[in-house]
Amino acid sequence: MSNPFVQIVEPLDPKQPLKKFFNLSKLEDVRYARLPFSIRVLLEAAIRNCDEFLVKKGDVENILNWKVMQHKNVEVPFKPARVILQDFTGVPAVVDFAAMRDAVKKLGGDPEKINPICPADLVIDHSIQVDFNRQSDSLQKNQDLEFERNKERFEFLKWGSRAFKNLRIIPPGSGIIHQVNLEYLARVVMDQDGYYYPDSVVGTDSHTTMIDGLGVLGWGVGGIEAEAVMLGQPISMVLPEVVGYKLVGNPQPLVTSTDIVLTITKHLRQVGVVGKFVEFFGPGVAQLSIADRATIANMCPEYGATAAYFPVDDISIGYLIQTGRDKEKVMCTKRYLEAVGMLRDFKNSSQDPDFTQVVELDLHTVVPCCSGPKRPQDKVAVSDMKKDFETCLGAKQGFKGFQIAPDRHNNIVKFNFEGCDFELAHGSVVIAAITSCTNTSNPSVMLGAGLLAKKAVEAGLTVKPYIKTSLSPGSGVVTYYLRESGVMSYLSQLGFDVVGYGCMTCIGNSGPLPESVVEAITQGDLVAVGVLSGNRNFEGRVHPNTRANYLASPPLVIAYAIAGTVRIDFEKEPLGINASGKKIFLKDIWPTRNEIQAVERQYVIPAMFKEVYEKIETVNKSWNALDAPSDKLYTWDPKSTYIKSPPFFDGLTLALQTPKTIEGAYVLLSFGDSVTTDHISPAGNIARNSPAARYLTSRGLTPREFNSYGSRRGNDAVMARGTFANIRLVNKFIDKQGPQTIHLPSGEILDVFDAAERYKQAGHPLIVLAGKEYGAGSSRDWAAKGPFLLGVKAVLAESYERIHRSNLVGMGVIPLQYLPGEDAGTLGLTGRERYTIIIPEKLKPQMNVQIKLDTGKTFHALMRFDTDVELTYFHNGGILNYMIRKMAS
């Protein structure tokens with residue numbers, strides 16, 4: 001190691017003399033002591049993997065003055081220690097790997113060079129749906145149906161685990177990727193290759209940031225970028241700003257970690273942290289468990305940051321022991337962190353680093369809250385929910401409005417369900433789901449929900465039978481402690497039976513609502529409500545028939561399910577009236593923090609974690625019985641509607657093609673703000689009147705066999721047709737919600753895919769116009785792959801969410817950004833013009849390019865290739881093309 005910035009120290013552990021470690025600079029250097037802990041991990045990974053990184057840049061000393069260096073666009077080649085994937089993003093990644101092997105072979109290279117060189121774990125958690133609920137055998141029925149629908153995908157993944165080294169598959173039914181990572185996969189400190197070094201990870205899911213709560217630096221990337229990392233390519237990023245988020249005070253007794261994270265989400269959206277790291281510090285952090293911290297870190301994508309980091313402290317070390325990790329390894333972890341100055345004491349202010357900016361939250365000011373009805377950052381205090389929802393009813397159509405005429409606000413629709421008569425109104429709850437890694441990873445809120453259920457049942461309260469209730473834990477450990485603590489039976493009595501181990505309702509796998517409920521909603525044009533303990537509530541995500549969706553803690557999910565409506569003031573109105581005629585208020589059954597903590601101490605123990613995770617890879621008998629080939633090259637089945645060789649590498653040559661000016665492009669779609677990846681590439685059910693449905697029907701499938709968009713991400717023909725297919729899409733060319741656009745040459749209104757096909761046949765390139773926060777939400781790479789296949793050459797937006805911009809770069813689609821103070825309105829753009837984007841021969845990061853319109857108008861926009869490496873990808877037509885050429889040559 002020639003880098004003078006690094007010392008190699010050995011040995012840390014006398015029992016393991018080969019275990020060396022890097023010491024980033026002299027610890028007595030006061031500048032090092034002022035570096036944010038997240039930056040220390042980032043730099044350590046860069047230095048360990050890229051020996052010449054700092055020397056070549058001439059920043060050996062200056063990098064310690066990282067605040068100054070931020071403004072010099074210093075590129076950091078971050079090479080994480082691990083990669084994690086889930087099946088919705090993992091299947092297309094393995095499809096790409098299989099196709100890349102074919103492409104490398106065609107170019108004369110060794111196809112087996114396409115292989116992960118770092119540990120990669122793929123957790124199957126996105127496939128299971130809530131088809132059955134409120135039955136004791138719901139879990140088994142849902143899992144059986146999951147295998148029936150997804151057998152072909154699962155066989156393909158099993159082939160992948162055999163064909164590729166370093167790729168481990170965690171079978172379906174094991175849990176949610178981020179909770180499994182937190183409880184089992186995360187190392188905190190790696191002890192591989194003869195060295196100790198900090199654990200770090202990127203994942204093909206935006207909520208990979210959850211692991212930051214345990215002190216592992218990680219974030220979500222698109223599948224395209226993850227594939228490059230797995231093949232040894234570092235992630236090139238500009239040294240980020242770090243916002244220090246200071247926590248002080250103690251939470252009030254009725255406040256949950258969910259309330260805290262929803263408060264932080266709204267706050268940080270207002271502060272503006274897109275593209276930045278957030279690092280938590282202050283004495284208030286010491287009041288939070290690792291599960292609490294993980295909940296806050298999990299929702300990092302919702303407030304837009306790259307990472308939301310909690311440095312490792314003694315509570316982190318205690319969590320490793322609680323979750324059954326090897327004690328001797330945990331002690332070595334602690335000694336290493338102490339040796340390199342990375343074990344944090346949040347009560348010691350002398351350890352507080354320098355930050356780009358500091359913001360503060362007094363935990364005592366947090367109140368019980370929800371978020372909605374359409375965005376996670378729109379926090380609403382529970383005490384204001386009734387008033388806020390009623391205001392939203394009449395407000396103009398938008399993020400906080402449904403534009404319901406005043407004379408229809410109190411409409412009621414009667415319906416019959418299972419022989420009994422019921423009524424639905426605006427605000428009626430029809431889905432109540434305890435779901436998502438965000439909250440089911442947290443024993444305090446899960447046991448709180450269980451204790452609330454127990455008190456509710458004992459008080460004589462029930463949940464109306466037509467409400468679709470469900471409980472989908474993030475791991476088997478949750479079921480274990482709910483059962484052992486005696487609250488599981490009470491949850492079941494209220495309809496919250498375990499329906500599966502996976503993301504389920506949180507990602508739109510909520511399954512069907514009863515037909516009579518759907519008919520009532522449709523008849524009355526009702527704003528029906530879903531309440532879930534998830535992290536996202538974008539339009540059209542949870543269920544097509546729930547126009548309003550609120551994020552809430554697990555106990556509040558149960559409370560609203562019992563109430564049956566969000567139009568309730570819990571402080572003034574009873575939750576329900578029991579058989580004796582007694583009014584029961586929420587405060588009567590809400591468990592105290594002391595009650596919850598006592599149960600948690602008694603029942604959440606290391607033995608549970610050990611027992612569950614010792615058999616995690618072998619417990620699923622259906623998975624074990626799957627037969628899959630072990631050939632190194634995949635044999636594609638032309639009849640398959642799930643797995644298809646993608647066209648991305650058709651005609652690829654070793655020689656580079658010079659990027660050309662985009663001539664006379666039409667605008668395919670014109671958007672406003674906050675267009676999410678759910679809008680661009682839906683993950684829910686495939687509508688029966690959609691282009692994707694027509695394609696599947698032509699292949700002989702019935703609607704029952706369509707499955708979901710997410711499950712078909714291994715088939716580009718389905719996914720291209722599903723691009724911009726969200727029924728809640730708002731396109732400025734059309735005066736109503738829906739997945740359609742105007743084919744400008746003819747003036748016809750067509751499905752988006754059909755319009756794109758018309759343009760493609762005529763040889764016309766396409767662009768998309770958008771507002772702020774384009775591509776918010778999930779890290780799905782199909783939100784970039786789909787537009788690429790439709791012929792979209794560039795997007796022009798006011799701002800981008802980090803992951804989606806990176807995915808566009810990865811597919812060779814140009815992310816253009818309006819200059820400060822400009823947007824479509826100020827420039828007078830209607831979207832009906834034709835756009836010529838001038839691509840200069842010599843490109844440099846973040847340069848301005850000229851755009852000419854057929855109207856004669858000319859303006860400039862910022863080309864958001866942020867680093868030299870991203871420009872290299874663009875010249876190659878994308879990351880994967882670059883990697884194929886690299887491997888083939």
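Predicted model: local features only at pLDDT ≥ 70, side-chain atom pairs only at ≥ 80, totals over all residues.

Trainee: Which residues in helix 7 are buried?

Mentor: They are Ile177, His178, Gln179, Val180, Asn181, Leu182, Glu183 and Leu185.

Trainee: How should I read a sheet, and in what order do the strands of the open sheet of five strands lie?

Mentor: The general idea is that strands of a sheet pair through backbone hydrogen bonds, and that this pairing may be either parallel or antiparallel. In this structure the five strands form an open sheet in the order 6-5-4-9-10, and the pairing is parallel. Strand 6 (167–170) and strand 10 (217–220) stand at the edges with a single partner strand each, so one side of each is left without a neighbour in the sheet. Direction ignored, neighbouring strands of this sheet are turned against each other by 20° on average.

Trainee: How many bridges pair strand 5 and strand 6?

Mentor: Strand 5, which covers residues 120–123, pairs with strand 6 in the parallel sense over four bridges, and within this pair Val123 stands opposite Ile170 in strand 6. Helix 5 (residues 87–106) packs on the sheet, where it touches strand 4 (82–86), strand 5 and strand 6, and the direction of helix 5 makes about 110° with that of strand 4.

Trainee: What is the order of the strands in the open sheet that four strands form?

Mentor: There the order is 14-13-12-15, with parallel pairing. Strand 14 (307–309) and strand 15 (357–362) are the edge strands, each of them pairing on one side only, and from one strand to the next the twist averages 20°.

Trainee: Is strand 12 mostly covered or mostly uncovered?

Mentor: Strand 12 is mostly covered, with six of its seven residues buried. As a general point to carry with you, the side chains in a regular strand alternate between the two faces of the sheet.

Trainee: Let us turn to cavities: how many of 30 Å³ or more does a search of the whole structure find?

Mentor: A cavity is a space where a 1.4 Å probe fits but cannot get out, and the search finds seven of 30 Å³ or more. The largest cavity has a volume of about 200 Å³. It is lined by 25 residues, of which His126, Asp205, His207, Ile507 and Arg541 are the closest to its centre. The elements that give two or more residues to this lining are helix 5 and helix 7 (177–185), and by class the lining has eight nonpolar, eleven polar and six charged residues.

Trainee: What volume does the second largest cavity have, and which residues are closest to its centre?

Mentor: The second largest cavity has a volume of about 150 Å³. Of the 18 residues that line this second cavity, the closest to its centre are Arg375, Phe538, Ser674, Thr676 and Ala776. Its lining divides into five nonpolar, five polar and eight charged residues.

How values were computed
Residues numbered from 1 in each chain as written. Heavy atoms only, no water. Pairing = 2+ DSSP bridges. Axes fitted to C-alpha atoms, helices over the stretch in contact; angles between N-to-C directions. Contact = heavy atoms within 4.5 Å. 1 Å grid on protein atoms, 1.4 Å probe; cavity = no way out; pocket = protein on both sides within 12 Å on 5 of 7 lines; lining within 4 Å. Points joined across faces, edges and corners; volume = space filled by probe spheres on them. Nonpolar A, V, L, I, M, F, W, Y, C, P; charged D, E, K, R; others polar. Buried < 20%, exposed > 50% of the residue type's maximum accessible area, 1.4 Å probe, protein only.
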